[in-house]
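Student: I have a model open and want to learn to read it feature by feature. Can we go through it together?

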Amino acid sequence: MSGQKTEVSDPYFPANGDSRYRVHRYELALEYRPGPNRLAGTARLSAIAGRAPLTEFHLNLAEFRIGRVLVNGRAPHYAHRGGRLRIRPAKPLPAGAAFTVEVHWAGNPKPVRSPWGGLGWEELTDGALVASQPVGAPSWYPCNDRPADKASYQISVNTPSAYTVVAGGRLLTRTTRASTTTWVYEQSAPTSSYLVGLSIGMHQTVLLGDPGLGGVPQSAHVPAHLLPQFSRDFARQPAMMQLFEELFGPYPFGEYTVVVADEELDVPVEAQGLSLFGTNHVDGARGSERLIAHELAHQWFGNSVTIADWRHIWLNEGFAKYAEWLWSERSGGRTAHELAVTAHRLLATRTQDLRLADPGRKLMFDDRLYQRGGLAVHAVRCALGDGAFFRMLRDWLTVHRNGVVTTAGFTTHVARYAADPLDDLFSAWLYEPALPPLPSPAIPAKPGYPPTNGGPGKGRRGRTSA
Ligand SMILES: [Zn+2]
């Protein structure tokens, strides 16, 4: 899409995002009253115009009352319709110019409707929760809603003092005045709008792991009545963190936080530095441990290294699925290859009409995309061998840390680690709908992990054959 003077940035969600400009920082100041579910906010955005002068641009924001809009401190013309705030500055903004946007809005937030149910702000029985993937962010704040437009965030929330407010990032201050408390969080790492998470609830805070031992600070916010089950279910998360740092490289953010909402959630959801689970994911019997691994892995695959648009979603879900298998393999469960055999058997019985590299909006969250994504990663591992595979993964995550990626970028990257061309493998697994045969492991099907320094092996950098 680049080079075209179009505002459409995502073929799956043409109404979301505006590629004519970028936002590099959001400062959101929110007041929320859970009883009446009333939200009032002020957003200050620091942005940069693209290669062409900007006579108008848009933000995505659901149906709130707009109090005021300012661009560089001056009132623009604006219209707010159909979830879009179209803004025409008093004077066009020159190409490449830095500018600020201020928006005041208020109303009763509610989820954005989607084929996958409500997305974004959800009022709970006692509190609220935000899980926006893929297009729920406009349910609570004005944003350039496309995954490639990553920005830092400061989020301040004022709410009755009985509630705990959790957002991704570092808690800067917590100030109580009269009966309300203001929580201020800073997320300095570049963050996609869909990954800005928020929870307002009645929670107990617990620390995971041994903070005295160093490592990534890990905390959790859990309803008091679930604490006994939670401490068993999440006991191995610090070990997962250690494994993933060994396999994928350093955890990309300053801290990792888990919230268990006091309601059931269809699926757990990842946000930046934060994962959200429901009561149904806590059973005291580690019944959802694979999902704990899955959400943690998204911090590398999806959150730090982010897809340029939703066509590439398998790069998030395929790797998060494969991380489940790696955790199983390493923690004494079934090996990744055994799990791949099961997934392959399952997929062989299902309709084969899914192209992994561009599944279409309808199939982007289809269970087959997850399973086949995991299998495609396994096929790459089998082709490269463990040494080259894990070196390739760590390099991928290092080179693209805080950046955005595409499937084509991934295949080009992988080819550098392969002794033989992988075009047929990529074509079969990523671009053709028919299920390829199960890959056979280049290594015995046992827990096999890379030596820390990789070692030479067959997957040296650079193609070794023409
Ligand atoms: Zn996922």
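This is a predicted model: local features need pLDDT of at least 70, side-chain atom pairs count only at pLDDT 80 or more; totals for chains, interfaces and linings use all residues.

Student: Is Gly120 buried or exposed?

Tutor: Compare its relative accessible area with the cut-off: buried means under 20%. Gly120 has 5%, so it is buried.

Student: Which residues does Gly120 touch, leaving out those up to four places away in sequence?

Tutor: Its contacts are Leu129, Val130, Ala131, Ser132, Gly136 and Ser139.

Student: Next, the backbone. What should I look for?

Tutor: Look for exceptions. Most residues other than glycine have a negative phi, and most peptide bonds are trans. Here, Asn37 has a positive phi, near 50 degrees. Ala178 also has a positive phi, of about 50 degrees.

Student: Where do Asn37 and Ala178 lie?

Tutor: Both are in loops. Asn37 is between strand E1 (21-33) and strand E2 (38-49). Ala178 is between strand E12 (170-177) and strand E13 (180-191).

Student: Which peptide bond is cis?

Tutor: The one from Gln133 to Pro134, with omega near 0 degrees. Pro134 belongs to the loop between strand E9 (127-131) and strand E10 (151-160).

Student: How do I read the nonpolar residues inside?

Tutor: In soluble globular proteins, nonpolar side chains tend to be buried together. In this model, the largest nonpolar core has 81 residues. Phe244, Phe248 and Leu384 have the most contacts inside that core. Apart from it lies another core, of 55 residues, including Tyr21, Trp121, Cys143 and Val196.

Student: Now the metal. Which protein atoms are the donors of the zinc ion?

Tutor: Read off the atoms and their distances. The donors are His294 (NE2), His298 (NE2) and Glu317 (OE), at 2.0 to 2.1 Å. Along the chain, the donors follow the spacing H-x3-H-x18-E.

Student: Why does the pair His294 and Glu317 tie together parts of the chain?

Tutor: Because His294 lies in helix H3 (residues 289-298) and Glu317 in helix H4 (residues 314-330), the pair ties together parts 23 residues apart in sequence. Both His294 and Glu317 are buried.

Student: How many residues of H3 are buried?

Tutor: 9 of the 10, so H3 is largely enclosed by the rest of the structure. Among them are Leu291, Ile292, His294 and His298.

Student: Last, a helix pair. How do I read the packing of H6 and H7?

Tutor: Take the distance and angle between the axes. Helix H6 (residues 367-384) and helix H7 (residues 386-399) have axes that come within 6 Å and cross at roughly 125 degrees. That angle makes H6 oblique to H7. The crossing is right-handed.

Student: Which residues make the contact between H6 and H7?

Tutor: From H6, they are Val377, Val380, Arg381 and Leu384. From H7, they are Asp386, Ala388, Phe389, Phe390 and Met392. Leu384 links back to the largest nonpolar core, where it is among the residues with the most contacts.

Key: Residues are numbered from 1 along each chain as its sequence is written. Side-chain values use heavy atoms; hydrogens and water are left out. A nonpolar core is a set of buried Ala, Val, Leu, Ile, Met, Phe, Trp, Tyr and Cys residues joined through side-chain atoms within 4.5 Å. Buried means under 20% relative accessible area, exposed over 50%, partly exposed in between (1.4 Å probe, protein chains only). Donors are N, O and S atoms within 2.8 Å of the metal (3.2 Å for Na, K and Ca); water is not among the atoms, so sites may look incomplete. Helices (H or I, at least four residues) and strands (E, at least two) are DSSP runs, numbered from the N terminus. Axes are lines fitted to C-alpha atoms, for helices over the stretch in contact, and angles run from 0 to 180 degrees between N-to-C directions. Angles under 35 degrees count as roughly parallel, over 145 as roughly antiparallel, 65 to 115 as roughly perpendicular and the rest as oblique. A crossing is left-handed if the near helix is turned anticlockwise from the far one by less than a right angle, and right-handed if clockwise. Contact means heavy atoms within 4.5 Å.
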